[in-house]
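Biologist: Please take a close look at one part of this protein and describe what surrounds it. I would like a single connected account.

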Amino acid sequence: MKKNILVIPGCLICCYFLITLNFGCAQISAPTGGAKDTLPPRLLKAVPELNTVNFKGNKITLSFNEYIELQDLQGNLLISPLQKANPTTSATLKSITIKFKDSLIPNTTYSINFGNSIRDVHEGNVLKGFTYVFSTGNTIDSLTMEGNVIMAETGKADSTLMIMLYRNTADSAVLKTKPNYIARPDGNGHFKFNNLSNADFNIYALKDGDGGKTYNSKTEIFAFYDTTVNSLKNPDPIILYAYAEQKAGNTTINVLKTPAEKKLRYTDNLSANLSGKTQDLLETFNLFFNNPLKVFDTLKMSLTDTNYKRVSNYSLTIDSTRKTVSLSTTWLPESAYYIILAKDAVQDSSGNNLSRSDTIRFTSKKIADYGTVLLRFSNIDLAMHPVIQFMDGDNVKFSFPLVALEWNNKLFPPGDYTIRILYDLNNNGVWDPGNYSKKLQPEKAIQLPQKLGIRADWDNERDIKL
């Protein structure tokens with residue numbers, strides 16, 4: 001008897017098992033979640049609508065496409081024109097509600113700028129500079145006014161200032177009343193007012209120390225424009241130069257006095273120089289004592305060469321703390337010096353002298369340790385008594401009057417410097433602040449954007465056009 005036998009090819013059996021295994025042993029994994037949300041919240045609806053005219057109510061509702069929150073509203077919210085009392089502003093889920101406390105001025109365009117306060121809840125994406133605009137009249141005012149505010153002494157920007165517009169153009173208004181409009185500059189000092197009507201304004205800048213939005217202290221940073229500006233007739237950018245008429249006083253802190261040490265000791269400015277005691281040709285030699293000196297006898301301290309021959313034309317001075325003694329002279333390059341210090345040349349208030357007389361040995365630097373600098377200027381007014389300042393951070397490292405369009409120095413310490421040009425109008429060698437009561441603007445400085453790198457034993461040249 002013949003039997004029907006079904007023969008299944010091996011390849012089909014393999015496929016069957018592979019398919020079965022793939023479906024039966026599939027791994028379950030979590031969804032990837034998609035790309036990270038980087039978009040800020042988006043306004044879906046405003047009640048009343050944006051740019052509404054003939055606004056009559058006291059409430060505004062803004063609805064967004066996602067859950068939002070308000071951060072640092074006090075530091076961001078700007079309402080123009082300024083109100084006596086800020087409205088109540090709250091965020092709930094996907095909406096913001098604004099309720100006005102003060103009556104609104106008729107026929108006036110208002111703007112509510114939220115700055116960087118609106119952000120989504122989950123990712124913190126910021127809706128930058130969102131502004132809601134409406135008018136209590138028939139039209140939306142559209143004039144603008146913009147410019148820059150600069151710190152007069154440094155030539156830098158300060159974004160913490162606020163820019164203020166006053167409809168009241170009396171000089172005393174900024175001293176007694178709050179402004180009509182406020183704007184904040186960006187990191188470059190640029191500011192802009194939008195939705196202005198055709199009107200005359202006085203414009204100021206202020207770092208408001210007490211939150212009163214008035215200029216009431218000479219220690220506050222302040223700026224004023226020389227003339228009244230018109231929002232229609234003054235299309236050019238406005239430049240404000242900010243200053244503090246007086247430096248803020250230091251807070252007095254009671255510190256327990258450290259008892260004077262029983263022994264009188266000193267160190268010098270070259271002690272920390274690991275490569276050997278090498279005196280800078282441009283600096284003084286300094287001795288630092290641990291106790292204030294009651295006696296300082298210059299006849300018992302001398303500068304000599306290695307043959308103990310006294311050097312001529314040097315001077316010795318002591319500072320106001322009576323703990324630092326400075327020796328200045330014209331140092332000869334690559335020369336060896338001795339300072340002879342007798343034990344009784346100095347004495348502190350407890351009657352302590354040095355334990356012994358001492359001889360301090362050191363050499364001076366080489367010419368090759370310095371660089372040569374040549375700067376060629378154009379577009380600079382020498383009649384304004386410009387002063388060139390070499391900055392190390394915020395500190396003036398070196399300062400020289402500029403009396404010609406070329407400036408050179410054959411002995412300049414190596415380093416990276418920022419260059420600042422100060423217009424020293426009264427030619428007294430220092431920066432002078434402004435005075436609002438006298439309508440005197442501050443002296444102005446220009447900071448160049450690029451640093452100047454000085455290399456030792458190198459000719460360093462630069463063309464500078466202001």
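Predicted model: local features only at pLDDT ≥ 70, side-chain atom pairs only at ≥ 80, totals over all residues.

Modeller: Because Arg-376 lies in strand 28 (residues 371-378) and Glu-461 in strand 34 (residues 459-465), the pair ties together parts that are 85 residues apart in sequence. Salt bridges with shared partners also bring in Asp-463, so that Arg-376, Glu-461 and Asp-463 form one network.

The count of salt bridges comes to 11. Another of them joins Asp-394 and Lys-156, at 2.8 Å from N to O. Those two residues are 238 residues apart: Asp-394 is in the loop between strand 29 (386-392) and strand 30 (395-401), and Lys-156 is in the loop between strand 10 (143-151) and strand 11 (162-166). Asp-394 counts as exposed, at 63% relative accessibility, and Lys-156 as partly exposed, at 32%.

The side chain of Asp-348 makes a polar contact of 3.1 Å with the side chain of Asn-291, and it reaches the backbone nitrogen of Asn-352 at 2.8 Å. Leaving out residues up to four places away in sequence, Asp-348 touches residues including Glu-261, Leu-264 and Pro-292.

How values were computed
Residues numbered from 1 in each chain as written. Heavy atoms only, no water. Polar contact = N/O pair within 3.5 Å; in protein donor to acceptor, adjacent residues only side chain to side chain. Contact = heavy atoms within 4.5 Å. Salt bridge = Lys/Arg side-chain N within 4 Å of Asp/Glu carboxyl O. Helix = DSSP H or I, 4+ residues; strand = E, 2+ residues; numbered from the N terminus. Buried < 20%, exposed > 50% of the residue type's maximum accessible area, 1.4 Å probe, protein only.
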